[in-house]
Amino acid sequence: MPHRDPQNYSFITYLWVFAMAMLGGVANNVKKIKDGTLKRFSFSELVGDLIISGFLGIVTFFLCEYAGLDRMLTAALIGMSAHQGTRGIYFIEELIARQLKLNVPKDPK
């Protein structure tokens with residue numbers, strides 16, 4: 001297997017990762033509208049969700065690749081983490097902190 005360098009993955013791989021992440025972002029945006037968090041559709045809110053979801057999708061992909069997970073499981077985790085939005089970022093932070101045994105204070109809400 002070639003060295004796992006981000007430049008060694010094909011364009012198609014990044015395309016499906018990005019597509020799964022974007023679908024998660026759209027689902028998150030629709031959920032916000034349906035549950036009343038957003039009163040009406042907002043293009044800027046959608047763009048924000050897509051940017052956050054795209055970032056989370058890529059991070060999740062690399063974490064799954066590092067862990068050697070199956071591609072189908074990786075796709076599901078990308079979609080779920082992208083749907084979580086910023087909550088997904090906090091989850092990944094906590095996961096890494098636990099793995100590294102870091103004493104990181106919880107995010108005050």
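## Exercise 1: the pocket

Work out which helix gives the most to the lining of the largest pocket.

Solution. α4 comes out on top, with 6 residues; helices here are DSSP runs (H or I, at least four residues) numbered from the N terminus. A pocket is an open set of points on a 1 Å grid over the protein atoms alone, where a 1.4 Å probe fits, with protein on both sides within 12 Å along at least five of seven lines; lining residues have an atom within 4 Å of a point.

Next, take the whole lining: 16 residues, with Thr60, Leu63, Phe91, Ile92 and Leu95 nearest the centre. α2 (43-67), α3 (71-84) and α4 (86-99) each give two or more of the lining residues.

Ground rules: this is a predicted model, where local features need pLDDT of at least 70, side-chain atom pairs count only at pLDDT 80 or more, and totals for chains, interfaces and linings use all residues. Residues are numbered from 1 along each chain as its sequence is written, and side-chain values use heavy atoms, leaving out hydrogens and water.

## Exercise 2: around α2

Find what covers the buried residues of α2.

Solution. Start with the buried residues (under 20% relative accessible area, 1.4 Å probe, protein chains only): among them are Leu46, Gly57, Thr60 and Phe61. Their cover includes α1, α3 and α4.

Now zoom in on Phe61. Leaving aside neighbours within four places in sequence, Phe61 is in contact (heavy atoms within 4.5 Å) with Tyr9, Thr13, Trp16, Val17, Thr74 and Ile78.

Last, step off the end: glycine 68 follows α2, with a positive phi near 75 degrees.

Technical notes
Buried means under 20% relative accessible area, exposed over 50%, partly exposed in between (1.4 Å probe, protein chains only).
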